[in-house]
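Subject: Structure handover

Hi,

Here is the structure I promised to pass on. Please open it first; my notes follow below.

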Amino acid sequence: MSAASDEMAGRIRAILADRPEIVEKKMFGGVGFMLNGNMLVGTTAKGALMARVAPDRVEEALARPGAAIMHMGDKPMKGFLSVADQGIETDDALADWIAYCETFVRTLPPK
C-alpha cells in the first residue's frame with residue numbers, strides 16, 4: 001500500500017469507527033471496507049476513494065464532485081466509482097460519500 005492509500009484508509013476508519021459490522025480487507029493495492037461481507041468503500045493505491053454505488057444510479061453518482069468511473073486495467077468496474085480530491089476534501093464530504101454508498105450496500109444480502 002502507498003502512503004496516500006494509508007492516509008485515505010485512516011480517514012475512512014475514523015468515520016466508520018466502532019461499527020462491528022465493518023471489516024477491513026487488503027485489496028486492489030489498497031484497503032476495502034466491507035459491510036456484512038459486501039464491499040462498501042475502499043482506497044486506491046493513489047489515495048482516491050473507491051465508492052460502491054448502485055449500478056442503475058451510476059449516472060446520478062457521476063454528477064457528484066470528483067466522481068469518475070473506476071477501472072481495473074482498461075476495463076470499467078460496474079458499480080464502482082473513483083472519487084478524487086475535490087469530492088472528498090473534507091471529512092464531511094467523505095462521510096457523505098460513505099453514507100451514499102451504504103444506502104445501496106445495505107440492500108445487498110449479507111455474505
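What percentage of the 111 residues of the protein chain count as buried? The figure is 45%. Keep in mind that this is a predicted model.

Overall layout. The protein chain has four helices and six strands. Their order along the sequence is α-β-β-β-β-α-β-β-α-α. The radius of gyration is 13 Å, close to the 13 Å from the globule rule for 111 residues, so the chain is as compact as a globular protein of that length. Along the principal axes, the C-alpha atoms fill a box of roughly 35 × 30 × 30 Å. Of the contacts between residues at least 6 apart in sequence, 52% join residues at least 24 apart.

Core. The largest nonpolar core holds 27 residues. Ile12, Phe33, Leu40, Val41, Leu49 and Trp97 touch the most other members. Elements giving two or more residues to this core include helix H1 (3–16), strand S3 (38–43) and helix H4 (91–105). H4 supplies the largest share, seven residues. Beyond its neighbours within four places in sequence, Ile12 contacts Phe33, Val41, Gly42, Thr43, Leu49, Leu94 and Ile98. There is also a second, separate core of six residues, with Met34, Met50, Met77 and Phe80 among them.

Surface and charge. The protein chain exposes about 6100 Å², and carbon and sulfur atoms supply 55% of that. It carries 13 positive and 15 negative charges.

Best wishes

Notes. Residues are numbered from 1 along each chain as its sequence is written. This is a predicted model: local features need pLDDT of at least 70, side-chain atom pairs count only at pLDDT 80 or more; totals for chains, interfaces and linings use all residues. Side-chain values use heavy atoms; hydrogens and water are left out. The radius of gyration is taken over C-alpha atoms; the globule rule is 2.2 Å times the number of residues to the power 0.38. Buried means under 20% relative accessible area, exposed over 50%, partly exposed in between (1.4 Å probe, protein chains only). Contact means heavy atoms within 4.5 Å. Accessible areas come from the Shrake-Rupley method with a 1.4 Å probe; for residues, only the protein chains shown count as cover. Lys and Arg count as positive and Asp and Glu as negative; His and the chain ends are not counted. The place of a charge is taken as NZ of Lys, CZ of Arg, CG of Asp or CD of Glu. A nonpolar core is a set of buried Ala, Val, Leu, Ile, Met, Phe, Trp, Tyr and Cys residues joined through side-chain atoms within 4.5 Å.
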